[in-house]
Amino acid sequence: MGYGTGAIMAVPAHDTRDFEFAKTFGLPIVCILDPLKAEPDLRSKVLAGNACWTEDGNYINSENPSLGLNINGMDKQDGIKNGDRLA
């Protein structure tokens, strides 16, 4: 899928435009990539939903038991490969 297909993707913890939109309208911001390489203060803010992280990290909050999917602990590349098996 790509943009323009009618599907909507919003990742406010990891996209600056989505972050600003979520903050403006009081939407929840759930971090799904642990910013392990960030400075400790920034990492705390990202994990709390108070800052945006656009770099790579290990997946967190990324499990769907009903689909048998758990990519927690994986980096982005491995998580995408694992998730592709469900397609």
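Leaving aside residues up to four places away in sequence, Ala 51 touches Ala 13, Phe 19, Leu 42, Lys 45 and Val 46, a contact being heavy atoms within 4.5 Å. The model is predicted, so local features need pLDDT of at least 70 and side-chain atom pairs count only at pLDDT 80 or more, while totals for chains, interfaces and linings use all residues. Residues are numbered from 1 along each chain as its sequence is written, and side-chain values use heavy atoms, with hydrogens and water left out.

Ala 51 also sits in the largest nonpolar core, a set of nine residues that includes Ala 13, Phe 19, Val 46 and Trp 53. Such a core joins buried Ala, Val, Leu, Ile, Met, Phe, Trp, Tyr and Cys residues through side-chain atoms within 4.5 Å; buried means under 20% relative accessible area, exposed over 50%, and partly exposed in between (1.4 Å probe, protein chains only).

As for aromatics, the count comes to one pair. Phe 21 and Phe 25 make up this tilted pair, at 4.7 Å centre to centre and 45° between the planes (ring centres of Phe, Tyr or Trp, the last by its six-membered ring, within 6.5 Å; planes under 30 degrees apart are stacked, over 60 edge-to-face, the rest tilted). Phe 21 is partly exposed at 48%, whereas Phe 25 counts as exposed at 55%.

Then there is Asn 72, partly exposed at 33% relative accessibility. Its side chain reaches the backbone nitrogen of Ser 62 at 2.8 Å. Asn 72 and Leu 33, 39 residues apart in sequence, are 9.0 Å apart in space, C-alpha to C-alpha.

Terms used
A polar contact is a pair of N or O atoms within 3.5 Å; within protein, one must be able to donate a hydrogen and the other to accept it, and residues adjacent in sequence count only if both atoms are side-chain atoms.
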